[in-house]
Each structure stands twice: as C-alpha cells, then as structure tokens.
Amino acid sequence: MSIPRVVVAAPSSGAGKTTVAVGLMAALRLAGHRVAGFKVGPDYIDPGFHAVATGRPGRNLDPMLSGEERVAPLFAHGAAGADLAVVEGVMGLYDGALGTEGYASTAHVSKLLRAPIVLVVDASAAGRSVGAVVAGFVSFDTGVRIVGVILNKVGSDRHEAEVRAGVAPTGVPVLGVLRRDTRLTVPSRHLGLIPADEQREQAVTAVEAAAELVRQGVDLEAFVAAAKAASELDVEAWDPAAEVSPAEEGRPVIAMAGGPVFSFRYTETAELLTAAGAEVVTFDPLHEPLPEATSALYLGGGFPELHAEALSDNAELRKQVATEIAAGLPVVAECAGLLYLCRELDGHQLTGVLPATARMTSRLTLGYRTAIAATTTAIFDEGRRVRGHEFHRTTVEYDSDVDSAWYLPGGVQEGVARPKIHASYLHLHWTATPDVPARFVAAARVYAGLEK
C-alpha cells in the first residue's frame, strides 16, 4: 500500500494541530484531492470536524482500544478510495499512556503507519527558541521522521523572520506559516470543542476559515510531496466482513442513536453491525421515534446533559424505549446512553429503564480502563476482559442494588447489566471485540423472530 500520508503532530496540546490538520484536509480537498482524515486516540469530536473537511467519515487510530496490530489495517480500510491521508495526532508528539514509554502516542502510531510527521509549533511566545524545540523533537527519537514544520500563531513579518532563522540550522523545512486568526475560534465546553454534528453551521464556517488560512500560509505542493515520501506500507486492509459472519436470511433493524446528542461513536461500529447482518438505521432521539421494526438499540456517547430538557420533551420516544426494553429489546448503552436509560438527568425525566438518577458534576473522569465483565448478558460473558475509555463529568446514583456491567481497577463496579441490557460509561472500540457486534445482532435476530 502506497497511499501518500502525513501525521500532523505538535510539541504539546494547544499548539493548534486540530486547526492545522482540519485546514489541511479541507484545503487539499478543495485542491482536488480525495482526502482521508484520521485522529490518533479515542477522541470523538475532532473526527467530526475531519468529516466536514473531507466529506468522508472521520476515523480513529488507537492502539490502546483496537490493538496495536490493527492500527495499520484500520488505516488502510479508512483510506480506501482516497489519494492522500492526513492523520491528526494527540497531545504532544511523544505523549502516550502513562507509564508506558509512549505507547499509543502520536509517535507510536506514526511508526506503525511508517508515516512522516509535520510538526505544528505555536510560535506566539517565542522566536529563535522555536529552533531548539524542533531540534529537540527531531533528536529525541531517531525512529520518528519529522519532515517539515508549520509555524502557527505568528504575529508579524519580523517575528516570522526570527523564527525561521531559529529553525534553519535544524535542516527541517518550514512548510508553512500561519498568522493568528480569530475566525478560527470554535465554541467549546466542559469536554472540549462542541461536536460538529451539534453546531453544523459554525463547524462549516470554522472549517472554511481554517482551509483559507492553510491555503494562504502553507505550501500545499510541498506538503503533498512530503506525504508522497511515506514508506511503503505492507498491510492488508481491515475488512468488517472478515471479522463477522451474517446469517443467511433476514436483516434485523438495529436503531443507532444519532443527531446532536449522540454523536460519539466510532465509524466501524455501524460497519461491523452491518457486516454481521443488521440493517443499521440512525435516528435522532431529540425528535424522532424508534425506527420501524427496531430489534435492538445502540445508544452511544455525547452530551445529553446539554439537551436533557429536549430529550425529556420527546415523551413518545421515552415511553416507546421503556416499553420495548421491558419486552426484551437488546440494548447497548455507552456513557450518554447510560444516562438516557436513567429515571432522570438533572431533574429532567428520561426513560426510567434503570432505577437511577444522573447529574452533572464538576469532576472530570477521563482515561483508559481495563475492565472485566461482572455479569453475563446477551452481549458479554462474565469474566470477559476488555479495554475501554471513559470521558464524562456526570455521575449516576442508583436507588437500589444492580448487577454491575464491569469490574474496574481497584475493585470499582460500574454500569448496569441485565440479560438483554449492557449500559455503562465505558466506550469500546468494537474492532478489538468483533464477537460483541456479532452477539448483539444475534440478540436482535431473536427479538425480531428470525431465530429462536
């Protein structure tokens, strides 16, 4: 596989790599390229902006969640049909899971993809010292290939000249210089940027502004040349059809929550469910009922705490969900989905499927988790070990004892498990557990009457 590709990285968070990566994707698309966009790590929000910029689904590359061995195959799958790929890094270039010497870092993923790196450096508070930063990052790990620098937030021509003079001795070419631009401000909240699906018009405006900034300040021909210098990647593309086997007859409908509230889900989730024999139908819980003939329900993550009143106002759906689940409808609920199944969220009535209330807090819960299934369900067997990710500021308080979904490190029990329900804060990347979507579809087939 020889698709041109570049990883856009930075010395630290806040350098502007999302702006630059999104701007590059959009500018290259406008220049006639078919661009595939990727994000290192478990982030859901940045891939939404990648999708706006490229017109293709945004995808994640995360060795922690999908497994190191699947990163390159997933990249090849996501890049199919594109002529160039841009991979946005996470945090600082060498920052990975704590205590692992950089596992799942941007540098780690760049090595797995055999991809060159363009370093985005925030030059707003430095001059020649930027050269020392670049030199340090180049020499820190000789297995990482930094092929260019984009200077961000440069204040003036004099400032640019000073920074360029500092970088010149490193031998790393400056591929672009971007000036400060207030049009690039995207609304943010307690978990980062507001998802593109939630503020579509603002997202499009921000992407267009980033594209114009990049078009004016970056040598796109030099960037493409750097991408074309990527080493050959000898890998077979990941194929959902090779991971699961569909039944011979009948396709049960799996309703997948979408819209502004439930935008946190990995692209491969629907692909695996489809390959396993389901008809995946996305619906918006703010306004719509369950799709006709729904035989299973997938509730992903998002920001229900910002839309609790509107979710409550869709009383028809709340009642429908509660009724169908009581009748045995299989459900997988992650994070926002867990909250939706509670009796209420911040005082707003929800489905009441679970004997619990949910509320916002000031405490951020964030990080990878190794979890063990605490209870056997249609989806998981007790004792099943998985790796997931938590990302929320809400908490759930149960009125009575429940069967937990997971045992987390330290003996913590989390989530709720019932024979046909698996609900928790944990986000999983099902590419690492293809039996999970297969079992979910099998449960849907039973509910639909296609199997006993």
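The largest cavity in this predicted model is lined by Val 332, Ala 333, Glu 334, Phe 380, Trp 406, His 422, Ser 424, Leu 426, Leu 428, Trp 430 and Val 436. A cavity here is a set of points, on a 1 Å grid over the protein atoms alone, where a 1.4 Å probe fits but cannot get out, and a lining residue has an atom within 4 Å of such a point. Two elements give two or more residues to this lining, namely β13 (331–334) and β21 (421–424). Of these, β13 gives the most, with 3 residues. Strands are DSSP runs of E with at least two residues, helices are runs of H or I with at least four, and both are numbered from the N terminus. By class, the lining of the largest cavity holds 8 nonpolar residues, 2 polar ones and 1 charged one. In this scheme Ala, Val, Leu, Ile, Met, Phe, Trp, Tyr, Cys and Pro are nonpolar, Asp, Glu, Lys and Arg are charged, and the others, Gly among them, are polar.

Residues are numbered from 1 along each chain as its sequence is written. In this predicted model, local features need pLDDT of at least 70 and side-chain atom pairs count only at pLDDT 80 or more, while totals for chains, interfaces and linings use all residues; side-chain values use heavy atoms, with hydrogens and water left out.

How many cavities of 30 Å³ or more does the rule give? The count comes to 2. The lining of the second largest cavity divides into 6 nonpolar, 3 polar and 2 charged residues.

Strand β17 is also the place of His 389. His 389 is buried, at a relative accessible area of 9%, where buried means under 20%, exposed over 50% and partly exposed in between, for a 1.4 Å probe and protein chains only. Leaving aside residues up to four places away in sequence, His 389 touches Pro 42, Leu 65, Leu 366, Gly 367, Tyr 368, Tyr 425, Leu 426 and His 427, a contact being heavy atoms within 4.5 Å.

Two helix pairs come next. Helix α1 (residues 17–30) packs against helix α9 (residues 220–228) at an angle of about 100°, and their axes are 11 Å apart. Axes are lines fitted to C-alpha atoms, for helices over the stretch in contact, and angles run from 0 to 180 degrees between N-to-C directions. This angle makes α1 roughly perpendicular to α9, given that 65 to 115 degrees counts as roughly perpendicular, under 35 as roughly parallel, over 145 as roughly antiparallel and the rest as oblique. Leu 24, Ala 27 and Leu 28 of α1 make the contact with Leu 220, Phe 223 and Val 224 of α9. This contact has 6 nonpolar residues, no polar and no charged.

In the second pair, helix α4 (residues 71–78) and α5 pack at about 70°, with their axes 9 Å apart. They are therefore roughly perpendicular to each other. Val 71, Ala 72 and Phe 75 in α4 meet Val 109, Leu 112 and Leu 113 in α5. Again the contact comprises 6 nonpolar residues, with no polar and no charged ones.

The loop between β4 (84–88) and α5 (106–113) contains Ala 104. Phi of Ala 104 is near 70°, a positive value in a residue other than glycine. Is Ala 104 buried or exposed? At 7% relative accessibility, Ala 104 counts as buried. Ala 293, in the loop between β11 (279–283) and β12 (294–299), likewise has a positive phi, of about 65°, although it is not a glycine. At 54% relative accessibility, however, Ala 293 counts as exposed.

Finally, Gln 320 lies in helix α13 (residues 315–326) and counts as partly exposed at 24% relative accessibility. Gln 320 touches Pro 289 and Leu 290, not counting residues up to four places away in sequence. Leu 290 is 30 residues from Gln 320 in sequence, and their C-alpha atoms are 7.4 Å apart in space.

Conventions:
1 Å grid on protein atoms, 1.4 Å probe; cavity = no way out; pocket = protein on both sides within 12 Å on 5 of 7 lines; lining within 4 Å. Points joined across faces, edges and corners; volume = space filled by probe spheres on them.
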